[in-house]
Amino acid sequence: MGVKLLNSIAGAVLLAFSVSTVSTCPRYCHCSERNGLKTVQCSSRELEKIPDDIPEDTAFLQLASNRISHIPSQAFKGLRRLQELDVSNNAIEVVEEGAFQGISEGLRALDLSNNLLRGVPRETFARVHAKISLAGNPWHCECALQEVLRELQLDPDTVNQVSCQTAVREEFAGKPVIQVLDSGVNLCSFQRKTTDVAMFITMFGWFAMVIAYVVYYVRQNREDARRHLEYLKALPNSPRDSKDSDTISTVL
């Protein structure tokens, strides 16, 4: 009887702990539930990083209008029920590869608008099939960004607000990225040309250094030979030595 009672108590404690782990609301956030789906509201809370105690049964996560500057790898690990994620209007500059690992399959909407993103690694959005908003970021339009955008399902309502603040070609700056790409421009071709020019300049520089060294080496050897000849002439010598010295002089 005593053993059964202890087992029952232990089971109850484990169950309570499990429920607590799933249901506890992060500090400074507000949690609510509707139609069996949990919403965690953490917007406008002056947060500088993503809370690490978000309930695992969260379906809608609001992190907008905070001070978050970095989304690390596996930042939302364990939130397999997450459907919508809003991290807009923060100060996000870096999104690491694997940031959305673990939530990519079920995510339906991702809002990264109005942050400080200039570029993201190509694998950042791997297997993410959600509708994504990237508007209002200071994007640098170049090959890597072009490759990323090709794989994404951009929010049609904000796609024209995804603009190039800077670009590999000055004439693209200030234009919507989609407008640039739809015009038939291949940003990767400009990068390759830039790389080729840089390689040519580098090779030319090395070649010039080699030529300069060879010229210096030849001149230095000639100077050493001249000094050696003058030294030989200054020495007392036999007629045969004099003849050899004249021969050397003629050769030089």
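**A. Cys164 is buried, with a relative accessible area of 1%.** Buried denotes under 20% relative accessible area (1.4 Å probe, protein chains only). Cys141 is likewise buried, at 1%. These two cysteines form a disulfide (sulfur atoms within 2.5 Å) with their sulfur atoms 1.9 Å apart. The link is left-handed, with -95° about the S-S bond. It connects distant parts of the chain, Cys141 in strand β9 and Cys164 in strand β11, 23 residues apart. Strands are DSSP runs of E of at least two residues, and helices are runs of H or I of at least four, numbered from the N terminus. The model is predicted: local features require pLDDT of at least 70 and side-chain atom pairs pLDDT 80 or more, whereas totals for chains, interfaces and linings use all residues. Residues are numbered from 1 along each chain as its sequence is written, and side-chain values use heavy atoms, without hydrogens and water.

Cys143 and Cys188 form a disulfide, with sulfur atoms 2.0 Å apart. The torsion about the S-S bond is about 85°, so the disulfide is right-handed. Cys143 counts as buried at 15% relative accessibility, and Cys188 at 6%.

**C. A disulfide joins Cys29 to Cys42, with an S to S distance of 2.1 Å.** The torsion about this S-S bond is about 115°, so the disulfide is right-handed. Both Cys29 and Cys42 are buried.

**D. Leu134 is in contact (heavy atoms within 4.5 Å) with residues including Leu112, Phe125 and Trp139, leaving aside neighbours within four places in sequence.** Further partners include Leu149, Leu152 and Val162.

Key:
Buried < 20%, exposed > 50% of the residue type's maximum accessible area, 1.4 Å probe, protein only.
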